[in-house]
Amino acid sequence: AARLVDGRMFLRDRHRSLRQRHWRFRFVAGVILDSVSWGLLPVLCMPTADPAINGVLLAAMVAVASAGAIALSADRLASCMSMLLVLGPLVEQQALTPTHLSRYTAVGLVIYAALLFLESRNSHHRFTEAMRLRFENAAIAEERHRALVYAEHSNAAKTRFLASVSHELRTPLN
């Protein structure tokens, strides 16, 4: 609810372009709070006797970390922080549990987090390149539009000149 209210406040702020540092700080703080709450959820609920419930919680946290990495891929820092704060407590809990399965799970989560980080970084690069191309295309379209207006203006001037010259030549001949 707090993130929704914050998003509405951002949209209503008429001077948000002048206050980018303020909104960036609020965004990162919100990502941290969300990620910490998601990261602590399995640690507080995981130590159950039912391995099926533990597996579901583990899969849910992997899904939350993946969704966060995808949703935040435009902001590399936020994506990385979210992933670390969501998966970090779970990796620590699994690494400190004395069973071999838990330790393998911790290693698997670390490997998955590394792969997710690399994919997030690649996604960030693709996003940045797409935005660069978008702005480049917009500039080319604007330049094309200006050239078209100039050509139309030049054509109209040529037409007026020819009409004027034609009139001036025909009048003495008549």
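## Salt bridges in the predicted model

A salt bridge is taken here as a side-chain nitrogen of Lys or Arg lying within 4 Å of a carboxyl oxygen of Asp or Glu. The structure is a predicted model, and under this criterion 8 salt bridges are counted in it.

## Contacts made by helix 2

One of the salt bridges pairs R26 with D6, whose closest N and O atoms are 2.5 Å apart. R26 belongs to helix 2 and D6 to helix 1 (residues 2–12), so this pair ties together parts that are 20 residues apart in sequence. The two partners fall into separate accessibility classes: R26 counts as partly exposed because its relative accessibility is 29%, while D6, at 14%, counts as buried.

R24 takes part in another salt bridge, with D75, at an N to O distance of 2.2 Å. Here the pair links helix 2, where R24 lies, to the loop between helix 3 and helix 4 (76–96), where D75 lies; it therefore ties together parts 51 residues apart in sequence. R24 has a relative accessibility of 34% and is classed as partly exposed. D75, with 16%, falls under the 20% limit for buried residues.

Through salt bridges with shared partners, E129, R132 and E136 are joined into one network.

## Packing of helix 3 and helix 5

Helix 3 (residues 51–71) and helix 5 (residues 100–173) have axes that come within 10 Å and cross at roughly 15°. Angles under 35 degrees count as roughly parallel, so helix 3 and helix 5 are assigned to that class. The crossing of helix 3 past helix 5 is right-handed.

## A nonpolar surface patch

Four residues, I32, V36, L40 and L44, make up a nonpolar patch on the surface. Together these side chains belong to residues with about 340 Å² of accessible area. Among them, I32 is located in helix 2 (residues 20–45). I32 counts as partly exposed because its relative accessibility is 31%, a value that also meets the requirement of over 30% for patch members.

Definitions and conventions. Residues numbered from 1 in each chain as written. Predicted model: local features only at pLDDT ≥ 70, side-chain atom pairs only at ≥ 80, totals over all residues. Heavy atoms only, no water. Patch = residues over 30% accessible without salt bridge, like charges linked within 9 Å, V, L, I, M, F, W, Y side chains within 5 Å. Areas by Shrake-Rupley, 256 points an atom, 1.4 Å probe, with all protein chains shown as cover. Helix = DSSP H or I, 4+ residues; strand = E, 2+ residues; numbered from the N terminus. Buried < 20%, exposed > 50% of the residue type's maximum accessible area, 1.4 Å probe, protein only. Axes fitted to C-alpha atoms, helices over the stretch in contact; angles between N-to-C directions. Parallel < 35°, antiparallel > 145°, perpendicular 65-115°, else oblique. Left-handed = near helix turned anticlockwise from the far one by under 90°.
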